[in-house]
Amino acid sequence: MMSLVRRRDPFELVFWLGGVFLVLGPFLLRLQLLRVRTFDADEFQHLHSAWLISEGYLPYRDYFQHHTPGLHYLLSPLFRLADVKTDPASAFWLIFLSRQLMWLFTGLGLGLTFCLGTVWKGASAGLVGTIMLGNCIMYLEKTIEIRPDVVAAALWTACILVLLVALYSPDQSAVSINAKYMFSGALLALSLIFTQKMLVALPGLSITMISHLGDGYRREQLGLRIISWVNFAVGAAVPIATVA
């Protein structure tokens, strides 16, 4: 009699249990590491800029800053929760709260990496990619610090994921596709607002766009693809316009 319950391959079970452990282990370890990790001078620079914004100052006009301001605007509301001017204990609490916020974005980045790999090549590929990212020494070190790169990496991964779904998911309406392109563009712009380092991604993205347009053999198909990328550009322009 054929079993009604599908038997699991023991190797598959070990693969998934081991993979989840290798992802969650280093991720949860960060909660302890962020409390003992030596501070980088950049962390205090970002916190100081966030404090200045909370005090009513504007970046580039009222004080010098060579970073894009996304992280500083994200952190500035936290200063309403602590009296950092007169209470050292509150200041220390806010510093570690900011690091814990980076931990949350690290988890978001890992989850998005799994989703990206799953959409691209299946759940196994998603898990392997997440293991490799989560255990990369540079990623482990920098994601327990207060850095705009942590948030930007999650936003960039989300941008690629949405764009991949728009490009390859079947049975989508034109409205749905264009909405995804616009959302993907907005995610790219948001990541750029967090760090200007995202500019290095634009050449690769441009090659993707040119390749996609060159694939549109029929005139009507090419027209639809041009409209999609125009929507991508519009989505990217909106967040940038809000901080320009």
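1. Where is T68 found? T68 sits in the loop between helix 2 (41-54) and helix 3 (70-75), where helices are DSSP runs of H or I with at least four residues, and strands are runs of E with at least two, numbered from the N terminus.

2. This is a predicted model, in which local features need pLDDT of at least 70 and side-chain atom pairs count only at pLDDT 80 or more, while totals for chains, interfaces and linings use all residues. Residues are numbered from 1 along each chain as its sequence is written, and side-chain values use heavy atoms, with hydrogens and water left out.

3. A polar atom of the T68 side chain lies 3.1 Å from the backbone oxygen of L192, and the T68 side chain also reaches the backbone nitrogen of T195 at 3.1 Å. Leaving aside neighbours within four places in sequence, T68 is in contact (heavy atoms within 4.5 Å) with Y60, L192, I193, F194, T195 and Q196.

4. Y60, one of the residues in contact with T68, is placed in the loop between helix 2 and helix 3. Y60 has a phi near 75°, a positive value in a residue other than glycine. Most residues other than glycine have a negative phi. Y60 counts as partly exposed because its relative accessibility is 48%, the class between buried (under 20% relative accessible area) and exposed (over 50%), with a 1.4 Å probe and protein chains only.

5. At the start of helix 4, a side-chain oxygen of D87 comes to within 3.1 Å of the backbone nitrogen of A89, and just after helix 4, G122 takes a positive phi of about 110°.

Note on methods:
Polar contact = N/O pair within 3.5 Å; in protein donor to acceptor, adjacent residues only side chain to side chain.
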